[in-house]
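Have a look at the structure first, then read on.

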Amino acid sequence: MRKGDGVSEPDRTGQPKRAASRSVVRAMIWATVPVLLLVQLLASAGVEVSSFWSQIRQLDARIARVADSRAELIAEPLWKMRYEQVTSVLNEIMHDESIAAAAVYDDTGVAIARVMARPTGQAVAEVSRPIKYSNGNMAVQAGRIAIAYSYTTLYADTGSRLVLLLVVGLLATLATMVAMRISANIFIGRPLAAMMSAIQRSKQDGRAYPADVHSSNEFGQLARAFNAMQHTTSGALDRLGHMASHDPLTGLPNRRSLTERLVVLSSHAGSHDALVAFCFIDLDDFKGINDTFGHDAGDKFLIHISERLRGAVEAEDWVARLGGDEFVVIRPEVRDEAAAQAFARRLLDAISEPIRLHDKLVMPRASIGLAVRHADDPELSHLPALADIALYHAKSKAPGTVAVLNEALQREYRRRRDLELAIPAGFAEGQFEVWYQSQVDLESQSVVCLEALIRWRHPEHGIIGPGEFLPLIERSGNNVRLTRYVLTDACRSLQRLAAAGKPHIRIAINLPPSELADHSLAGEIRETCERFGVAPSSLELEITEGSLINNIASASETLRRLRRLGATIALDDFGTGYSSLAHLRRFPLDKVKIDKAFISEIPASAEDKAIVGVIASLADTLGLTLIAEGIERAEQVLAMREIGVRFGQGYLYQRPQPLDAALRWLDGRATGEGAANPALADSPSVVPEFAA
């Protein structure tokens with residue numbers, strides 16, 4: 001340790017060496033030595049005072065003994081009312097010069113005898129003792145004796161000396177206080193004041209200020225240690241401040257710093273025409289990186305991305321990580337929106353370079369939401385939310401691209417938020433409606449099934465298709481509620497079909513992926529069917545390939561339970577998902593619905609006809625029934641029959657419509673009034689149409 005830093009070094013025994021300088025204690029002793037002499041005088045005075053109080057206590061004890069002895073002597077005369085004898089006993093004690101008066105009271109408090117020795121101008125003390133009488137058969141309190149006595153003699157003996165010693169003691173105390181005050185101020189008060197001043201200044205602006213103490217005693221050492229601590233603490237606070245405002249993994253500023261940065265941008269706005277470009281970056285399928293390579297590799301991946309973003313920006317730009325796989329890049333000044341888009345695309349290109357993880361090349365992909373605002377715009381603080389609107393559009397419509405915030409996206413966002421907030425009211429007010437579209441036997445043209453498709457009849461926005469509001473239902477956690485809603489309506493519709501003489505027509509409902517993980521679904525379907533008196537075999541449950549992939553183990557168990565109920569299981573939109581043939585063998589399926597993307601160009605597209613032919617051959621081998629979706633033209637029906645597809649569904653037969661209209665349409669087909677009812681749906685069905 002350096003010399004002169006104010007801290008004692010240990011000697012070879014491990015004990016700290018005493019400082020060579022004078023200590024505070026020693027300085028205080030030297031400052032108070034004269035006062036100690038006065039203290040000795042006060043000690044003598046104290047002895048005198050102690051002696052006086054000892055005599056006082058002795059007198060008190062003696063008078064108490066006299067009262068006790070006289071109480072015993074006069075107990076019997078008092079009880080037997082020999083009051084002359086009581087007075088005689090009192091007179092005997094009056095020979096004591098200290099006793100001023102004595103009195104005896106009977107058990108009723110009446111004074112029986114009272115004697116006075118002499119008048120006194122001094123204050124007197126009094127002692128009182130009960131008088132108890134006992135003759136062996138009884139013990140009673142006969143009365144009370146009280147003796148008043150004076151300290152006059154003692155005061156006379158010690159009064160003058162006590163006054164003198166008191167004066168001396170006061171003077172000595174005053175001298176001691178003055179000496180202590182001076183020494184404490186010099187050796188303690190000033191160093192502490194210096195350190196307190198340094199502390200207060202540090203509290204005001206957060207900087208470290210040294211305590212200006214130059215003494216070589218313990219307080220000087222303490223001040224030097226305090227200064228060293230200030231320096232260390234200041235560095236630690238700087239590091240803590242950096243940690244609080246920066247991401248520990250990448251070292252980039254974090255979400256907390258973002259707010260401060262936007263305030264700085266707003267307060268340092270240049271000209272009115274200056275534009276700020278805000279890029280909200282979200283990595284695509286980062287979860288897949290973690291799941292495939294592990295979280296350590298995921299952290300390495302994020303560090304690579306942060307380094308690429310740093311390398312792709314200029315010195316005046318600002319890069320931050322908000323958490324997870326979300327990054328922000330701010331360019332404080334761009335010429336126009338086109339320049340901002342070019343900047344965002346350069347960031348996207350920089351991110352998209354391959355990264356090697358565990359000896360494998362990974363191609364990063366990201367989506368960017370871009371918002372551009374004037375530096376003095378009041379909405380500048382809302383840039384993260386505005387860019388997030390554009391990012392949502394990019395992620396949902398075209399992942400791996402740059403989406404620029406515009407009025408259309410803001411209107412879409414406001415509509416989406418309005419719908420999301422209106423979902424509870426939609427359920428409470430019965431705004432969700434179940435519409436039905438027929439599935440037809442292509443040979444006999446008879447209707448064999450009605451697919452339940454959900455619509456939202458919003459009081460302001462009109463009829464809304466499921467493609468718009470189902471993602472909002474899923475995000476709000478109302479999937480299960482909507483599925484139960486559709487299931488209940490489907491069972492009620494089966495009742496009406498049976499009452500209308502059409503018990504052979506089944507109803508198909510779509511199950512969202514989350515339902516396949518719920519093993520209680522089969523039980524709830526059975527209970528609902530029992531409540532409405534319909535058979536579970538009248539239900540056809542449609543699932544997607546994606547839901548199977550995401551829940552292979554639980555989906556297989558749920559489907560087997562549904563099959564045991566007697567329900568039919570159909571694989572919806574076949575060909576648009578993973579299209580793994582293993583799915584057709586692994587899961588208990590009854591039907592496969594060919595997606596309309598393969599039907600729309602038939603018969604013109606020989607390639608699509610070949611694909612559908614392969615699917616039909618495979619389905620026939622596995623014993624699966626095929627349904628073609630999206631049939632809109634008569635030639636498509638002929639082509640499907642040639643290929644071997646038995647059932648079809650599409651606008652050629654019927655658009656989705658409420659049950660009442662669907663029943664009228666069915667009645668019209670039965671009476672030969674035509675294949676369509678003019679009162680059809682206000683809007684075509686929207687993919688994906690699953691009623692959950």
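Another facing pair is Phe-278, which stands opposite Ile-330 in E7. The strands behind these pairs are E5 (residues 275–283) and E7 (residues 326–334), and they run antiparallel with seven bridges. A quick word on terms: two strands pair if DSSP finds at least two bridges between them. Helices (H or I, at least four residues) and strands (E, at least two) are DSSP runs, numbered from the N terminus.

As for the ground rules, residues are numbered from 1 along each chain as its sequence is written, and side-chain values use heavy atoms, with hydrogens and water left out. Since the model is predicted, local features need pLDDT of at least 70 and side-chain atom pairs count only at pLDDT 80 or more, while totals for chains, interfaces and linings use all residues.

## The five-stranded sheet

What is the strand order in the open sheet of five strands? Reading across, it goes E6-E7-E5-E10-E11, and the pairing is mixed. Strand E6 (318–323) and strand E11 (402–404) are the edge strands, each pairing on one side only. From one strand to the next, the twist averages 20°. As a reminder, strands of a sheet pair through backbone hydrogen bonds, either parallel or antiparallel.

E7 also partners E6, in the antiparallel sense and over five bridges. Here Ala-320 faces Val-328 in E7. The hairpin of E6 and E7 has two residues between the strands, and Gly-324 takes a positive phi near 60° in that hairpin.

## Helices over the sheet

Helix H6 (residues 255–267) lies across E5, E6 and E7, at about 10° to E7. Helix H8 (residues 295–312) lies across E5, E6 and E7 too, at about 5° to E7. Axes are lines fitted to C-alpha atoms, for helices over the stretch in contact, and angles run from 0 to 180 degrees between N-to-C directions. Contact means heavy atoms within 4.5 Å.

H8 has a helix partner as well. Two packed helices are described by the angle between their axes and the distance between the axes. The axes of helix H7 (residues 286–293) and H8 come within 7 Å and cross at roughly 135°. That makes H7 oblique to H8; angles under 35 degrees count as roughly parallel, over 145 as roughly antiparallel, 65 to 115 as roughly perpendicular and the rest as oblique. Which residues do the meeting? From H7 come Phe-286, Ile-289, Asn-290 and Phe-293, and from H8 His-295, Ala-297, Gly-298, Phe-301 and Leu-302.

Strand E4 (residues 139–150) pairs with strand E1 (residues 99–106), antiparallel over seven bridges. In E4, Tyr-149 is the bridge partner of Ile-99.

E4 also pairs with strand E3 (residues 124–134), antiparallel over eleven bridges, and Ile-131 stands opposite Gly-143 in E4. Four residues lie between the strands in the hairpin of E3 and E4, where Gly-136 takes a positive phi near 100°.

## A few single residues

Glu-629 lies in strand E19 (residues 625–629). Is this residue buried or exposed? Glu-629 counts as buried because its relative accessibility is 11%; buried means under 20% relative accessible area, exposed over 50%, partly exposed in between (1.4 Å probe, protein chains only). The side chain of Glu-629 makes a polar contact with the side chain of Lys-593, at 3.4 Å. A polar contact is a pair of N or O atoms within 3.5 Å; within protein, one must be able to donate a hydrogen and the other to accept it, and residues adjacent in sequence count only if both atoms are side-chain atoms. Not counting residues up to four places away in sequence, Glu-629 touches several others, including Asp-572, Asp-573 and Gln-649.

Gly-189 lies in helix H4 (residues 152–205) and is partly exposed, with a relative accessible area of 29%. Cys-279 counts as buried at 0% relative accessibility, and Cys-449 is likewise buried at 0%. The structure holds zero disulfides (a disulfide is a pair of cysteine sulfur atoms within 2.5 Å).

## The whole chain

The protein chain has 20 helices and 21 strands. Of its 692 residues, 44% are buried. Among contacts between residues at least 6 apart in sequence, 66% join residues at least 24 apart.
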